[in-house]
Amino acid sequence: MSMNPRKSAVQAIDEIFERIGSREVALFVDYDGTLTPIAPKPHLAELGDAMRQRLRALAGVCDVAVVSGRALADVRARVGLDTVAYAGSHGLEITGASRAPSGAHRPAAFEGLSLEKGRDFMPTIARVESELRLRTGRIEGALVERKPFGVGLHFRQVADQDLPTISKHLDWVLREFPGFRVTAGKKIYDIRPDIDWDKGSAVRWILTYGPNSRGQDPLAIYIGDDTTDEDAFRALRPDGVTIVVQATPSPSAAEYCLRDTGQVQDFLDALFVKLSPSVPLPDHSSRPSPSASL
Ligand SMILES: O=P(O)(O)OC[C@H]1O[C@H](O[C@H]2O[C@H](CO)[C@@H](O)[C@H](O)[C@H]2O)[C@H](O)[C@@H](O)[C@@H]1O
C-alpha cells in the first residue's frame with residue numbers, strides 16, 4: 001500500500017483523459033462513502049437525486065456498475081437505476097443491467113451477467129446471523145445486517161466501553177463457525193465466506209465476461225473508499241484508473257484520490273463531458289454534503 005502523496009483525480013483529469021484516449025470506459029463505483037456520505041446508520045445512507053442523475057447520464061455513454069458491500073437487492077433499491085449493473089455482498093453476487101439506456105444505442109451494461117458465489121455457505125450464514133443477534137442484542141447501538149452471502153456487525157453507535165464485548169462475541173463466532181473471515185470496514189465487521197473472491201475478483205470477472213465478450217477492451221475506472229475496495233484497486237492496476245475517496249491521506253493501493261462525495265460528483269461530471277462532449281450536463285443544483293467524519 002502506498003502512502004506517497006496521491007494525485008487528486010480532479011486535478012489530474014487531463015492525465016486520466018489521456019489514458020482513456022479513444023477506449024470505451026467501464027465505470028465501477030462503490031456505494032457507501034463514495035456515492036453517499038457515511039451516515040450514522042446503514043438505512044440512512046440514501047442516494048441523492050443529483051448523484052442518481054449523474055449515474056443515469058453516464059450509463060448512456062459507458063458501462064456502469066455499482067459495487068457494494070451491501071446486499072445486491074439493497075444497493076439496487078437504493079440506486080434505483082435499471083441501466084446499471086450491480087455487485088453486492090462485496091462482489092459475491094453480480095447482475096448485469098436489466099435494461100439498455102433509452103435512445104443511447106448501447107446494450108444494457110454488462111448485459112446478461114449473473115453470478116452468485118458462496119451459496120453453499122447460506123445455511124451457516126443464517127446461524128452466524130442468529131448467534132450474533134442473540135449475543136449482541138443487549139449491547140446498545142450494536143446492529144446486525146444480513147446480506148445473502150455475509151453478515152455485517154455494525155458498531156458505529158456502540159459506546160467505547162462496549163467495544164471489547166463486541167470483539168469478544170465476534171471472536172467466539174469466528175471460532176465456532178470456521179470457514180469465515182472478517183473484514184474491518186468503517187465501524188463495521190463484515191463476516192464473509194473465506195473463499196478466494198472479493199471486489200477485485202468481481203470486477204475482473206465482469207470485465208472478462210462483460211464488455212470483452214462484445215470484442216471491446218474497456219478502460220476500467222474504479223472509485224471506492226473502504227477496505228474492501230482496496231482489493232479492486234490492486235486487481236485493476238496498472239491498466240485501470242483507481243481512485244480512493246478519503247478526507248485525509250492514508251495508505252491505499254489506489255493511484256488517485258478524491259476528498260469526498262462532492263468531489264466524486266465533480267469527477268463524474270467531468271467524465272460525462274469527456275465521454276459525451278455534445279450533450280448538456282444534468283442539473284447541478286443539488287450537491288451532497290462532504291462525508292462526515294469516518
Ligand atoms: O462497499 P460499500 O458500498 O461501501 O459498503 C460498505 C458497507 O457500507 C455500509 O456500512 C457503512 O455505511 C453506513 C451508512 O453510511 C454506516 O452507518 C456504517 O457505519 C458503514 O460501515 C453497509 O451497511 C455495509 O453493509 C457495507 O458492508
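1. Start at the S7–S8 turn. Lys147 has Gly150, in S8, as its bridge partner. S7 and S8 make a hairpin, and 2 residues sit between the two strands. The pairing of S7 with S8 (residues 150-154) is antiparallel and runs over 5 bridges. Keep in mind while you look around that this is a predicted model.

2. What is the order of its 4 strands? Reading across, you get S7-S8-S10-S9, an open sheet with antiparallel pairing. S7 (143-147) and S9 (180-184) are the edge strands, each pairing on one side only. Ignoring direction, neighbouring strands here are turned against each other by 20° on average. Helix H5 (residues 163-176) lies across S8, S9 and S10 (188-193), and H5 runs at about 5° to S10.

3. You'll find Val151 in strand S8. Is Val151 buried or exposed? With a relative accessible area of 2%, Val151 is buried, because buried here means under 20%. Setting aside neighbours within four places in sequence, Val151 is in contact with Ile125, Val128, Glu129, Leu132, Val144, Glu145, Arg146, Tyr189, Asp190 and Ile191. Take Ile125 from that list: Ile125 and Val151 are 26 residues apart in sequence, yet their C-alpha atoms are 7.2 Å apart in space.

4. Ser130 sits in helix H4 (residues 122-136). Its relative accessibility is 43%, so Ser130 counts as partly exposed. Between the C-alpha atoms of Ser130 and Val151 there are 10.0 Å, with 21 residues separating the two along the chain.

5. H6 (residues 199-209) and H7 (residues 229-236) pack with their axes 6 Å apart, at an angle of about 45°. The two helices are therefore oblique to each other. On the H6 side, the contact is made by Lys199, Gly200, Val203, Arg204 and Leu207; on the H7 side, by Asp229, Asp231, Ala232, Ala235 and Leu236. Sorted by class, the contact has 5 nonpolar, 1 polar and 4 charged residues.

6. A few backbone details deserve a look. Going from Arg237 to Pro238, the peptide bond is cis, with omega near 10°. Pro238 belongs to the loop between H7 and S12 (241-245). Elsewhere, Ser89 isn't a glycine but has a positive phi of about 45°, and His90, also not a glycine, has a positive phi of about 55°. Where are they? Ser89 is in the loop between S4 (85-88) and S5 (93-95), and His90 lies in the loop between S4 and S5 as well. Ser89 is buried, at 2% relative accessible area; His90 is buried too, at 7%.

7. The chain's mean pLDDT is 92, with 91% of its residues at 70 or more. One stretch to treat separately is residues 284-294, where the pLDDT is below 50; beyond near neighbours in sequence, that stretch has 24 contacts in the model. The overall scores are ipTM 0.99 and pTM 0.93.

Terms used: Residues are numbered from 1 along each chain as its sequence is written. This is a predicted model: local features need pLDDT of at least 70, side-chain atom pairs count only at pLDDT 80 or more; totals for chains, interfaces and linings use all residues. Side-chain values use heavy atoms; hydrogens and water are left out. Axes are lines fitted to C-alpha atoms, for helices over the stretch in contact, and angles run from 0 to 180 degrees between N-to-C directions. Angles under 35 degrees count as roughly parallel, over 145 as roughly antiparallel, 65 to 115 as roughly perpendicular and the rest as oblique. Contact means heavy atoms within 4.5 Å. Ala, Val, Leu, Ile, Met, Phe, Trp, Tyr, Cys and Pro count as nonpolar, Asp, Glu, Lys and Arg as charged, and the others, Gly among them, as polar. pLDDT is the predictor's confidence in each residue, from 0 to 100. Two strands pair if DSSP finds at least two bridges between them. Buried means under 20% relative accessible area, exposed over 50%, partly exposed in between (1.4 Å probe, protein chains only).
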